[in-house]
Amino acid sequence: RVEVQSIMGPGVDPHLYRASEGDLQTMFEADVILYNGLNLEGQMDEILGSLAEDRPVVALGEAVPEEMRLQSEQYQGEFDPHIWFDPIRWSYAVQATATALAEFDPEDAAIYQANAATYIVQIQTLDGEAMTRISSIPAQQRVLITAHDAFNYFGDRYGIEVVGIQGISTESEAGIADLQAVADLVVQRQIPAIFVESTISPATIEAVQGAVRDRGAEIAIGGQLFSDAMGEDGTPEGTYLGMFRHNVQTIVTALGGNAS
Ligand code: ZN
C-alpha cells in the first residue's frame, strides 16, 4: 500500500549523515517520515523538526518503552539509539510503523496491523535462532569486539560481552589507551576474532590487530558486520532479517560456536 524511499543507503553512517538537497526534496514530498531517533540521526534533528510541522514524523526507536532502553555510555542522560539489535525491543518499532501508517491511511489500517503481526512473528523466530546459536559459543570467548558501540542491545539480549573500541557515536576516535586495553583483553581471554563494521573505516580494528601482535598473539578479522546500515537492495542482507542473520552467522562462526 506504500511507496517506500530510504534516505540513507547501504554503508551510510547515520551518526554523521547530513541531508542533501535531493533528500530534502524527497522528505518534503513524503506523506509520512519514519526515522530511528534517540539521537541516531544527530545531524538531522532540525530538518526533521521542521518537517514535523505539516506531516507525521515518527521516531521508531522512541516507541520502545524507556525502561527497556539502555543508557548511552558516552553521552550522560541519553539513551543508546541502536535498538534494532534486539529484535524483541525492535518489535515496538514495527508496531509503531503500523500505527503511523494506519493513522495516515485509516481505510487500510487492518492491512498494516495484520502485516505487522505477521512480521513480529518472523522477528520472534529470528530471535530464537540467534539465542540458540550464540549460546553455542564457548563462554570465555563470548566477547564481541567492534569499532563502535553499536551492539550493546545485542549483547544485553544474547548474553555476549560487547567491547566497542571507539565509543557509541562514530564522532570520536579511539585513543591509544583504549587500544592497549582491548589488546590486553584479547590476549587474556584468548578471543579468536574481532569484527569490521560496514559503516566504519577498518583502521581502528587493524590498529588492535597490531597491538595484539606486539604482545606475541594473533587475532583474526572475523568478517564484516552490518552495524548502522543494511546491505545492498536485492541481497538477503538488504533486509532487516537477512542483515541480522548475517551478523549472527558471522559472529558465531568466528568465535568458535556452532553456526549450522
Ligand atoms: Zn552507531
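**Reading the model piece by piece**

Modeller: Gladly. Keep in mind that this is a predicted model.

Biologist: Then let us turn to helix pairs. At what angle do α3 and α4 pack?

Modeller: The angle is about 170°, and the axes of α3 and helix α4 (residues 109-134) are 9 Å apart. That makes α3 roughly antiparallel to α4, because angles over 145 degrees count that way. On the α3 side the contact includes Trp90, Ser91, Val94 and Leu101, and on the α4 side it includes Tyr112, Tyr119, Ile120 and Ile123. By class, the residues of the contact of α3 with α4 divide into 14 nonpolar, 5 polar and 1 charged.

Biologist: And how do α4 and α8 cross?

Modeller: The axes of α4 and α8 come within 10 Å and cross at roughly 5°. That makes α4 roughly parallel to α8. Tyr119, Ile123, Leu126 and Arg133 are among the α4 residues there, and they meet a set in α8 that includes Leu241, Phe244, Arg245 and Val252. The residues of the contact of α4 with α8 divide into 10 nonpolar, 2 polar and 3 charged. Notice that Tyr119 and Ile123 are listed in the contact with α3 and in the contact with α8.

Biologist: What about α6 and α7: what is the angle between them, and how far apart are their axes?

Modeller: Helix α6 (residues 176-189) and helix α7 (residues 203-214) pack at about 60°, with axes 9 Å apart. The two helices are therefore oblique to each other. Their crossing is right-handed. From α6 come Leu179, Gln180, Val182, Ala183, Val186 and Val187, and from α7 come Thr204, Ala207, Val208, Ala211 and Val212. The contact of α6 with α7 has 9 nonpolar, 2 polar and no charged residues.

Biologist: Now strands, please. What is the general idea?

Modeller: In a regular strand, side chains alternate between the two faces of the sheet. With that in mind, look at strand β5, residues 193-197, where 5 of the 5 residues are buried, so the strand is largely enclosed by the rest of the structure.

Biologist: Which residues of β5 lie on each side?

Modeller: Ala193, Phe195 and Glu197 are on one side, Ile194 and Val196 are on the other, and all are buried, so both faces are covered. As for its partner, β5 pairs with strand β6 (residues 220-225) in the parallel sense over 4 bridges. Ile194 stands opposite Ile221 in β6.

Biologist: How should I read a backbone phi value?

Modeller: Most residues other than glycine have a negative phi. Asn39 has a phi near 70°, a positive value in a residue other than glycine. Gln190 also has a positive phi, about 55°, although it is not a glycine.

Biologist: Where are Asn39 and Gln190 placed, and are they buried or exposed?

Modeller: Asn39 lies in the loop between β1 (33-35) and α2 (45-51), and at 39% relative accessibility it counts as partly exposed. Gln190 is in the loop between α6 and β5 and is exposed, with a relative accessible area of 55%.

Biologist: One last stop: where is Ala259, and which residues does Ala259 touch?

Modeller: Ala259 lies in the segment after α8 (240-254). Ala259 is buried, with a relative accessible area of 14%. Not counting residues up to four places away in sequence, Ala259 touches Arg133, Gln249, Val252 and Thr253. For Ala259 and Gln209, 50 residues apart in sequence, the C-alpha to C-alpha separation is 24 Å.

Note on methods. Residues numbered from 1 in each chain as written. Predicted model: local features only at pLDDT ≥ 70, side-chain atom pairs only at ≥ 80, totals over all residues. Heavy atoms only, no water. Buried < 20%, exposed > 50% of the residue type's maximum accessible area, 1.4 Å probe, protein only. Pairing = 2+ DSSP bridges. Axes fitted to C-alpha atoms, helices over the stretch in contact; angles between N-to-C directions. Parallel < 35°, antiparallel > 145°, perpendicular 65-115°, else oblique. Contact = heavy atoms within 4.5 Å. Nonpolar A, V, L, I, M, F, W, Y, C, P; charged D, E, K, R; others polar. Left-handed = near helix turned anticlockwise from the far one by under 90°.
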